[in-house]
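Please find below my notes on the model you sent.

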Amino acid sequence: MREFLELNPPEKFWQVLKSFLETKIFQTEKIELDQSLNRILADNVFSPVDLPPFSRSTVDGYAVKAADTAGASASMPTYLDIIGSIEMGVETELELKSGQAAAIPTGGMIPKGSDAVLMIEDTEKIEEKLIESFKSLAVGENIVQKAEDIAEGELLFKKGHKIMARDIGALAGLGITEFNVFKKAKVSVISTGDELIPAEAEAKIGQIRDINSYSISAYLNKIGAETKKVGIIEDKFESLKTALKNELDQELVLISGGSSVGIKDMTIELLNSLGEPGVLLHGLSIKPGKPTILAVIEGTIVIGLPGHPASAWTVNNVLTAEIVRVLNGEKAPAALGRENQKYLIEAELTRNLVSDKGREEYIPVKILKKDDKVFAEPLLAKSSLITNLAYGDALIKIPQNKEGIDKGELVKLTLIE
């Protein structure tokens, strides 16, 4: 078998995936409103009704004709006859004529003939059926007009919109309690390594607890995947082949530890033996994460992640998470590889950073604030260490064409979630 490892630019990784994902049919399902948080809409959602369905008062006071308050002030009030009151939740049959007013609560229906509402604080009751107004009103003042929020048939959310907590209230207010969303990306995570043991096991000399299954699964679940921890598989061809074969009904399978120099040939041979097209690239010009493997096996994306925790986490955060967002319907395949601007902030670097030119490098940083300025303090450590990620707040990306970043330079940070 020929040696496959080469330093491919990240752009090639994305291009290979785009051509595959653009032909993929994404599955959808209908869900209820209570289960919709963080799900991705599979269709445009239009309002079935006007909201509000009738013109309403935004204050407690009196529905009036604005013209009847013209020139009113504390020294020169105008006088209005009270003809009745508006009840909450009941359609009113009152109709105002010039010089008349109707008592109205916040949220009450505006009666016919009225085009403004006087706040109760701007009035004084002279008699049982007579008030004086101390304020001149404009037409529409203190009123929310029918359909002012959204009109029947108007687009509320576009396909691909991620449902946030604030959106659920809008949907409820419109009576939209069921809709189609994209199914969650189904992901399996396999850890390999004869030295690995489960997190709950007691470690003996030469053994280390599995970190990657937990950190990778937790992050992918957070961004919307349905992730399955397969467990620890021994570094043997048939064992790994059987484990991987059993997961090919998933959309994405991650193998942590199968891309390093020690077992890379076995992993590549194994992936190529399971179906077409097999391994598409091995090796990326990113740091950490150089030995990453990308394969597609009979429609399932398989990624071989580095075994070192920080390397595996970085590749998962920078590359795999973007694939999950596409599989979830949150992102179009054509958008793969574009900078995610949503979580970027700027900070001043606290020290010089040197980087290998020709490799895209990601470095965790601590965010500090002093004298109303934001600083990024790099946390430098070996890729086998996980604590930098636990202590770090964000990542700095050093582009391939730069040999480093100078102290005091403003850098963009992607927050670590």
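1. Two strands pair if DSSP finds at least two bridges between them. Strands (E, at least two residues) and helices (H or I, at least four) are DSSP runs, numbered from the N terminus. The model is predicted: local features need pLDDT of at least 70, side-chain atom pairs count only at pLDDT 80 or more, and totals for chains, interfaces and linings use all residues. Residues are numbered from 1 along each chain as its sequence is written, and side-chain values use heavy atoms, with hydrogens and water left out.

2. Strand 9 (residues 123-127) and strand 10 run antiparallel and are joined by four bridges. Lys125 has Ile131 of strand 10 as its bridge partner.

3. Which way do the residues of strand 10 (residues 130-133) point? Leu130 and Glu132 point one way, Ile131 and Ser133 the other way, and all are buried (under 20% relative accessible area, 1.4 Å probe, protein chains only).

4. The protein chain holds seven helices and 29 strands. Of its 417 residues, 46% are buried.

5. The radius of gyration of the protein chain is 31 Å, whereas a compact globule of 417 residues would have one near 22 Å (taken over C-alpha atoms; the globule rule is 2.2 Å times the number of residues to the power 0.38). Along the principal axes, the C-alpha atoms fill a box of roughly 95 × 50 × 45 Å.

Technical notes:
Buried means under 20% relative accessible area, exposed over 50%, partly exposed in between (1.4 Å probe, protein chains only).
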